[in-house]
Amino acid sequence: MSSEVKKLADHFTDAWKLYNAIEDSTEASSSATYQAMVKKAIDETVHLTELVDQLDLYSSNEEFEEVATKDLKFMLLPALLGKLHTKKTSLEAAQRPPILEAALTHLNQFLQTCFDYGLGPLGQIKRALASDGDREADEVKPKLDASGNPDLRVLVDTRDEKIRRYKACKQRKEEIAQITAKGEDNLDEDLLRSYWKLQVDQWIEEVVDEVTSIHEEKKMLKYMRNRGPDLPRPQPSTGAGKKFAPFMLTKTKMQAQVFGHGYPSLPTMSVEEFYEREMAAGRTPDSGNGVPDAPEEEEDSDSDEKVMKQRDMDDFKDTHRRGDGNRYRKG
């Protein structure tokens, strides 16, 4: 039995490495290389699952503490198989539903085992295991308060639950990374059991979200199937058909009459032609700034008289402030 268990452990290590290689792969999911990796991992996991099922390692009548530490990792096999099926691609939409059903079967098997052992959030697992009919009946019942409006307390509780799940998931990943860095072979039984318990809890969270995504995709595929085939798309015009004359909207036409046709517009004459026309009309300035030269003013004969008057005004301003004597009609 010990050699058989060791062989199972080696098989699980190979399947685990294949799954992680697929997760870390940079290949496109539709590429032949990626799909070959997925097929190989599925075949390996299916073979290992058949071997584990023959040993009857788990029972719904026992507690989680009664499961041997070396057997905890095999609880993840249905989850691995379900996740691998979701990575398969199909060329046609009709081939996608069987893939989703196969993935959902394996994921639900994992969740049911965890529910029987009392692992993870039982409420979320129970909702994830609900049938399509129960899901649709639950979705059409909006959570309303006494006045008929959406219940804000339910919305707040949902938000708080998501935040709590995110923080717990982040902490779990950090603990898994710390234990993984030590190496599985260097762990004692208590730490090894804690490690696989953390892995199971982490996979429960991921599988619950994956099941929800599968149900959403099934609804979308059902809608597309009920909608029927797509209408034929119109062929692009080749230009051989009837040509329409350009037209101008009334508002644009009126604006063009007032403001002109706008910028850019074709020039009506060159700069040289403009100056020739101005010269012929006698409006060309002598200077280059476009302003006609002002005629020179003839000197006034009484310029001395103006100078004396200006000096007298300056002397007056020196002794009289501006506004003196102005009483603003107050008498």
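The structure is a predicted model, in which local features need pLDDT of at least 70 and side-chain atom pairs count only at pLDDT 80 or more, while totals for chains, interfaces and linings use all residues. Residues are numbered from 1 along each chain as its sequence is written, and side-chain values use heavy atoms, with hydrogens and water left out.

The protein chain has eleven helices and zero strands, where helices (H or I, at least four residues) and strands (E, at least two) are DSSP runs numbered from the N terminus. Of its 331 residues, 25% count as buried; buried means under 20% relative accessible area, exposed over 50%, and partly exposed in between (1.4 Å probe, protein chains only). Contacts, defined as heavy atoms within 4.5 Å, involve residues 24 or more positions apart in 68% of the cases with a separation of 6 or more.

A closer look at one lysine follows. Lys-83 is found in helix α3 (residues 77-86) and is buried, with a relative accessible area of 12%. Leaving aside neighbours within four places in sequence, Lys-83 is in contact with Tyr-19, Leu-107, Trp-203 and Glu-210. Ile-42 lies 41 residues from Lys-83 in sequence, with 9.7 Å between their C-alpha atoms.

Gly-282, which follows α10, has a positive phi, near 75°. In helix α11 (residues 303-319) sits Asp-314, which is partly exposed at a relative accessible area of 35%.
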